[in-house]
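Please keep the sequence and the structure open while reading.

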Protein chains: 2
Amino acid sequence: MREPIYIVIAEDLKKMINSGELEPGDSICSENMLSEQYNVSRMTVRKSLTLLSSEGYIYSVPGKGNYVSVPNQDKYILYFNEMKSIEGSVDETKLLDVNVIKPTMETMYNMKAFENKRLILVRRLMYIDTKPVAYDLKYIPYYRGMPVVEKEINYATFPELVAQKKSLFAIRKELKIKAQRASKDVVDNLRINDGDPIMAIEQKLLDDEDKIVGWGTTYFLSDYFQLQAISSL
Amino acid sequence: MREPIYIVIAEDLKKMINSGELEPGDSICSENMLSEQYNVSRMTVRKSLTLLSSEGYIYSVPGKGNYVSVPNQDKYILYFNEMKSIEGSVDETKLLDVNVIKPTMETMYNMKAFENKRLILVRRLMYIDTKPVAYDLKYIPYYRGMPVVEKEINYATFPELVAQKKSLFAIRKELKIKAQRASKDVVDNLRINDGDPIMAIEQKLLDDEDKIVGWGTTYFLSDYFQLQAISSL
DNA sequence: CAGTGGTCTAGACCACCAT
DNA sequence: TGGTGGTCTAGACCACTGC
């Protein structure tokens, strides 16, 4: 159960930072001093400092020293998956339709698509206890010979739909999250009342060359949906 | 402009992972093989692998090898600050009142507070162009001699209100994000119509001993509020 | 048993910073 | 110029995995 020394050093420093003994902006003992204090080699001390740095506690300035960071109070980790983020989890997904369409003004703007390009529009409904709780629209650039297999589409998340060729590592995603009144289309599909509150989550998928490879929005019934996030430094 | 060798090695491996040449679960060349291939010492190779590991690309199994991770498709970075997250930014904040109150059932549940403890309730309104766009309720455990200075409270974010003694590093935060219909209290304060859609963001602050040191909710007018998040691995 | 990753050392040279 | 962090080496010993 012996902790490696570099972990011990890192935790000692963390304690000093958490307790306020070391404040943001304060400089930390030099690496040579620490290696003398703990009677270890400088490389071991550097391993501790690298760890603290990657966790956001400190940063270093070449030629000067290591310093305590200003904690980033506004940064959170959020977990979201349009298929799993619903309270109690979706127990059925229904593929409404898959169509090859001409881009509208909205999709042309959001996907930087040209008029002559075609898009695939996938529409799905998610159910809990036979009640529709989410309505999902996804647009994917169409290319000739694209496999549009219903079974695959039915339970796939957005990245899975798009990244049939590329590695999932290469796909970046952006979310926009907002509350809004249900529009006509959403009202009809979720069978709710006009103007009911909806959580709309817009997803944009970009590949490693920053090309937009997918765009869409999922409309969640607000009673069945809640996002959670935790602070992260 | 020379890149350090350990960066070159790490980027070579990243390319192989991003292109799909190395797939999740695949094992990576052993550290000894890599150090021969690149003609560097094993410590340098390990530095590359440590970097990739901390970025979520790979993981290692002692005695076996290094492996490509399964990318975490559901993880995002979210930035949120109740004072800054509003479109166009808040240009005025009005402190409605600060009261020492007995805990209600709701606060007792959410703050694990006891009946005989007292709480401070801070109520604020945020404005854009003289229009109220957010209504903010925050509860803080009261202790004798606590400084309740109006000027400080007016523009402070939640952690700043709470962490007057502890280091900000020691404070963890949890968010719950949901869309909902405006309640009576919210309708009155934001001067909107009954049932208008609202984005409610609940914040819970915990110290390093997991004690709840703050709890509250900010109600945003949905037209003026949108969260953004980016994928993170 | 040989091979793997995990820890650690005692040096080295460099670029950078302050004085 | 001396101190700082950044990179890198060529070893070492350990615990673990698979055969």
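Two strands are said to pair if DSSP finds at least two bridges between them. The model discussed here is a predicted one.

In chain A, strand β1 (residues 58–61) and strand β2 (residues 65–68) pair in the antiparallel sense over 4 bridges. β1(A) and β2(A) form a hairpin with 3 residues between them, and A:G63, which sits in the turn, has a positive phi of about 85°. Within this pairing, A:S60 has A:N66 of β2(A) as its bridge partner.

Chain B holds an open sheet of 3 strands in the order β1-β3-β2, with antiparallel pairing. The edge strands of this sheet are β1 (27–28) and β2 (58–61) of chain B, each of which pairs on one side only. Strand β3 (residues 65–68) of chain B pairs with β1(B) in the antiparallel sense over 2 bridges, and B:N66 in β3(B) is the bridge partner of B:I28.

**The surface near DNA strand C**

There are 26 residues around DNA strand C, and those that come nearest are A:I5, A:S41, A:T44, B:R42 and B:R46. By class, this surface has 9 nonpolar, 10 polar and 7 charged residues. Of the atoms of DNA strand C within 4 Å of the protein, 66% belong to sugar or phosphate, while the rest belong to bases.

A polar side-chain atom of B:R42, by contrast, lies 2.7 Å from a base nitrogen of DNA strand C. The elements that give two or more residues to the surface near DNA strand C are α1 (5–19) and α3 (42–54) of chain A, together with α2 (31–37), α3 (42–54), β2 and β3 of chain B. Among these elements, α3(A) gives the most, with 4 residues.

**The surface near DNA strand D**

Around DNA strand D there are 26 residues, of which A:R42, A:R46, B:I5, B:S41 and B:T44 come nearest. Sugar or phosphate accounts for 66% of the atoms of DNA strand D within 4 Å of the protein, and bases account for the rest. The classes on this surface are 9 nonpolar, 10 polar and 7 charged residues.

At least two residues of the surface near DNA strand D are supplied by each of α2 (31–37), α3, β1 and β2 of chain A and α1 (5–19) and α3 of chain B. The largest share, 4 residues, comes from α3(B).

| Protein atom | Atom of DNA strand D | Distance |
|---|---|---|
| A:E31, polar backbone atom | phosphate oxygen | 2.9 Å |
| A:R42, N or O atom in the side chain | base nitrogen | 2.7 Å |
| A:S60, polar side-chain atom | phosphate oxygen | 2.9 Å |

**The contact between chains A and B**

How many residues of chain A are in contact with chain B? In the model, 53 residues of chain A are in contact with 53 residues of chain B. The area buried between the two chains is about 4500 Å², of which carbon and sulfur atoms give 56%. A:Y76, A:F169 and A:K173 supply 19% of the area that chain A buries against chain B, more than any other three residues.

The count between chain A and chain B is 2 salt bridges, and one of them joins A:R181 to B:D196, with the closest N and O atoms 3.0 Å apart. Residue pairs in polar contact between the chains, both at pLDDT 80 or more, number 24. On the side of chain A that touches chain B, two or more residues come from each of α1, α3, β3 (75–79), β7 (172–181), β8 (197–206) and β10 (227–231). The largest share of that side, 10 residues, comes from β7(A), and its residues as a whole divide into 26 nonpolar, 15 polar and 12 charged.

Strand pairing also crosses between the chains: β3(A) and strand β4 (residues 75–79) of chain B pair in the antiparallel sense over 5 bridges. Within this pairing, B:Y76 in β4(B) is the bridge partner of A:L78.

Key
Residues are numbered from 1 along each chain as its sequence is written. Chains are lettered from A and ligands numbered from 1 in the order in which they are written. This is a predicted model: local features need pLDDT of at least 70, side-chain atom pairs count only at pLDDT 80 or more; totals for chains, interfaces and linings use all residues. Side-chain values use heavy atoms; hydrogens and water are left out. A residue is near a molecule or strand if one of its heavy atoms lies within 4 Å of it. A polar contact is a pair of N or O atoms within 3.5 Å; within protein, one must be able to donate a hydrogen and the other to accept it, and residues adjacent in sequence count only if both atoms are side-chain atoms. Ala, Val, Leu, Ile, Met, Phe, Trp, Tyr, Cys and Pro count as nonpolar, Asp, Glu, Lys and Arg as charged, and the others, Gly among them, as polar. Contact means heavy atoms within 4.5 Å. Buried area is the accessible area (1.4 Å probe) that two parts lose on being put together, summed over both. A salt bridge is a side-chain nitrogen of Lys or Arg within 4 Å of a carboxyl oxygen of Asp or Glu.
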